[in-house]
Amino acid sequence: MAGRGRLVDLIVLDSLDSLRPPGFDLMVLVIATLGAILGSIQPATSSYLLARLILEPTLFTVALYLALRSAAGVASLVGEGIMEVYLSYPLSRGGLALALVTSRVLVPSIILLSVPLAVAGVILAPVVLRDPLGLLVVFTGYLVQAFFYGVVFLGIALSSRTSGTASIIGITFYFAYNIVWMLLATLSPGLGSGLLRLSVAMKFYEVLYYYAMSLSGVHPSIEPGLLGFTLVPAMTLVALAGTIAYFKWRFEPT
Amino acid sequence: MRLPLYGRILVILGVSLLLASIVAEAYGAKTSTSAEATVALGTAKGLAIYAMSLGGEGNIELRVSNAQTVYYIANISGDIGTLMGSLRVFNISAFNAQTIHDVRAGLVYGHATLRTSRFLLAALPGIAKMLHFSIKQVKVVNGEAAVKTKLKPGEGILVVVIPQGDSVTYKLDYHVVGYRRLGLGASLTVSAVLVGLGLASGLPFRRRSYT
């Protein structure tokens, strides 16, 4: 119990650093306002459509935030010697890695994705209350995708140790991932539906969007299949296990 | 005044809601749109009128005047441009397309003239069957016909008109179904409550509890 309390203390302490004002506040204010405006200028008649309208552009900003502030911030913790203080806590290294994943990836992703949705949800309350499940399903898709990017960025930051290098490699990974997705989606008409399925599977939110669509009785144009539901979650688990294992056995704080 | 994280989030929620509600009131989504156009066909043998929902759901009605024969394909999911392109295989080409993106009504609509022979246009039901589309013919009375259908999110309709003369007039009416927004007054009230709660979280009596 005491160990769990210390874990929560560390998550709160590190969250206060990763979510510090004014940069974070300004970012949330801008994406929440613009996201809600985007959601209200078009007549989204289903909550899953509303969620997609808002979260599609927001995910890009979340990925940049996770790469530039959250993950690169970990590299700064190492450079400034704060990581040594963290490691002196009576917590296992695995526990500390989990705390960093929570405070640097999970908490910022939840706040950045949910605030614009909450603002639009109030304005379009009659639409959202009719089908809250669709909104939650699509939100989960974007959250899992953001979490995947964030865990990869964190792993890169821990192994690269300088914030500049961590940012550059993180953004390069994000760019490459999205270009590969775009190539698969573009080439799929000529090379077969397998590539199209793979490109959809690379974006977990697309898969859950189609799922939310089918829950509402609208037949989606693509059936994502088992690959769609498993690819990103599996890659996330591998990235998470790799990051924790690296932190536990290979990471040197000095 | 230093606010805790949840207080900062509440203030941000309130301010965002205030700004977004004002913009939504002034430039927010419309629940209906209509358009009317008279298209001179020149040497073209037919007119294609198309409409596609951008994301919402609604009822569409297309009234056509000066028509001899009217066909339509409803519930097209996917790109209407691709469908028109596939007609090219059968020597039916679309020209002079004029497309309007009415984002606030969530509808893309427009028309294009069709250059082909009247014989091929008359054979359209058979051609559509080969493309796995179900095409329907509309009853024309005194040169006028009307097509009514429901558009689900992302669905479209394509109407093909073989004219009586050298021009066709059409009128489009679209009504969004199932869209409602909270009124500005209610949004501003929620916004004020959120900002108030957020600011209250930073008041000194809250801080005393930490000591």
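Let me begin with a definition: a salt bridge is a side-chain nitrogen of Lys or Arg within 4 Å of a carboxyl oxygen of Asp or Glu. This is a predicted model, in which local features need pLDDT of at least 70 and side-chain atom pairs count only at pLDDT 80 or more, while totals for chains, interfaces and linings use all residues. Residues are numbered from 1 along each chain as its sequence is written, chains are lettered from A and ligands numbered from 1 in the order in which they are written, and side-chain values use heavy atoms, leaving out hydrogens and water.

Across the interface of chain B and chain A, the rule finds one salt bridge. The side chains of R8(B) and D25(A) meet in a salt bridge, at 2.7 Å from N to O.

How much area is buried between chain B and chain A? The figure is about 2,700 Å², with 73% given by carbon and sulfur atoms; buried area here is the accessible area (1.4 Å probe) that two parts lose on being put together, summed over both. In chain B, R8(B), I12(B) and Y179(B) lose the most area to chain A, together 19% of what that side buries.

Turning to chain A, helix α3 (residues 47–79) and helix α7 (residues 132–160) pack at about 20 degrees, their axes 9 Å apart. Axes are lines fitted to C-alpha atoms, for helices over the stretch in contact, with angles from 0 to 180 degrees between N-to-C directions; helices (H or I, at least four residues) are DSSP runs, numbered from the N terminus. The angle makes α3(A) roughly parallel to α7(A), a term for angles under 35 degrees.

How values were computed. Helices (H or I, at least four residues) and strands (E, at least two) are DSSP runs, numbered from the N terminus. Angles under 35 degrees count as roughly parallel, over 145 as roughly antiparallel, 65 to 115 as roughly perpendicular and the rest as oblique.
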